[in-house]
Amino acid sequence: MSVTEIISRQVQLLPKSMQGEVLDFIEFLLNKKKRATTLRTKRKPGLAKGLVEMRKDFDEPLDDFKEYM
């Protein structure tokens, strides 16, 4: 007997209200799987190239902290 058949028989033993809960859980698992596969898509390096620019004075101390230095 397959897992699908066992699940089907077990669900049939439940009251209708609980069968609805099983359906909700199955839909939750399917959505979770869909989100997981969407997140695993390969990222392409260099897509943000040119969007971020470093200022020439990046490494200089900030004026707000001069009194502490």
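This is a short talk on the fold, the surface and the side-chain contacts of one protein chain.

Good morning, everyone. A word of caution to begin: what you see is a predicted model.

Let's start with the overall build. The chain has two helices and zero strands. One of those helices is H2, which covers 16–39. Much of what I'll show you sits in the segment after H2, including Gly-46, Val-52 and Leu-62.

How does the radius of gyration of the chain compare with that of a compact globule of 69 residues? The globule would come in near 11 Å. The chain has 27 Å. Now look along the principal axes. The C-alpha trace spans about 75 × 30 × 20 Å.

What share of the 69 residues counts as buried? The figure is 0%. To be called buried, a residue needs under 20% relative accessible area. As for the surface, the chain exposes about 7600 Å². Carbon and sulfur atoms supply 59% of that area.

Take Gly-46 and Lys-16. They are 30 residues apart in sequence. In space, C-alpha to C-alpha, they are 53 Å apart. Gly-46 has 55% relative accessibility, so this residue counts as exposed. Next, Val-52 and Leu-23. Here the separation in sequence is 29 residues. From C-alpha to C-alpha, the distance in space is 47 Å. Val-52 is exposed too, because its relative accessibility is 68% and the cut-off is over 50%.

On to charged contacts. Side chains of opposite charge can pair when their charged atoms come close. How many salt bridges does the count give? It comes to two.

One joins Arg-55 to Asp-57. Their closest N and O atoms are 3.3 Å apart. Arg-55 counts as exposed, at 61% relative accessibility. Asp-57 is partly exposed, with a relative accessible area of 37%.

Another salt bridge links the side chains of Asp-63 and Lys-66. The N to O distance is 3.3 Å. Asp-63 is exposed, at 59%. Lys-66 counts as exposed as well, at 52%.

Now the aromatic rings. A pair of rings is described by the distance of the centres and the angle of the planes. The count comes to two aromatic pairs. One of them is Phe-65 with Tyr-68: the ring centres are 6.4 Å apart and the planes stand at 45°, so the pair is tilted.

Tyr-68 counts as exposed, at 62%.

That brings me to the last feature. Phe-65 and Tyr-68 also belong to a nonpolar patch on the surface. Leu-62 and Met-69 are in the patch with them. Together these residues have about 530 Å² of accessible area. Leu-62 itself counts as exposed, at 54% relative accessibility.

To wrap up, here is the picture to keep. The chain has two helices and zero strands, and 0% of its residues count as buried. There are two salt bridges and two aromatic pairs. A nonpolar patch that includes Phe-65 and Tyr-68 lies on the surface. Thank you.

Methods. Residues are numbered from 1 along each chain as its sequence is written. This is a predicted model: local features need pLDDT of at least 70, side-chain atom pairs count only at pLDDT 80 or more; totals for chains, interfaces and linings use all residues. Side-chain values use heavy atoms; hydrogens and water are left out. Rings of Phe, Tyr and Trp (its six-membered ring) pair if their centres lie within 6.5 Å; planes under 30 degrees apart count as stacked, over 60 as edge-to-face and the rest as tilted. Buried means under 20% relative accessible area, exposed over 50%, partly exposed in between (1.4 Å probe, protein chains only). Patches are made of residues with over 30% relative accessible area and no salt bridge: like charges are joined within 9 Å, nonpolar side chains (Val, Leu, Ile, Met, Phe, Trp, Tyr) within 5 Å. Accessible areas come from the Shrake-Rupley method with a 1.4 Å probe; for residues, only the protein chains shown count as cover. A salt bridge is a side-chain nitrogen of Lys or Arg within 4 Å of a carboxyl oxygen of Asp or Glu. Helices (H or I, at least four residues) and strands (E, at least two) are DSSP runs, numbered from the N terminus. The radius of gyration is taken over C-alpha atoms; the globule rule is 2.2 Å times the number of residues to the power 0.38.
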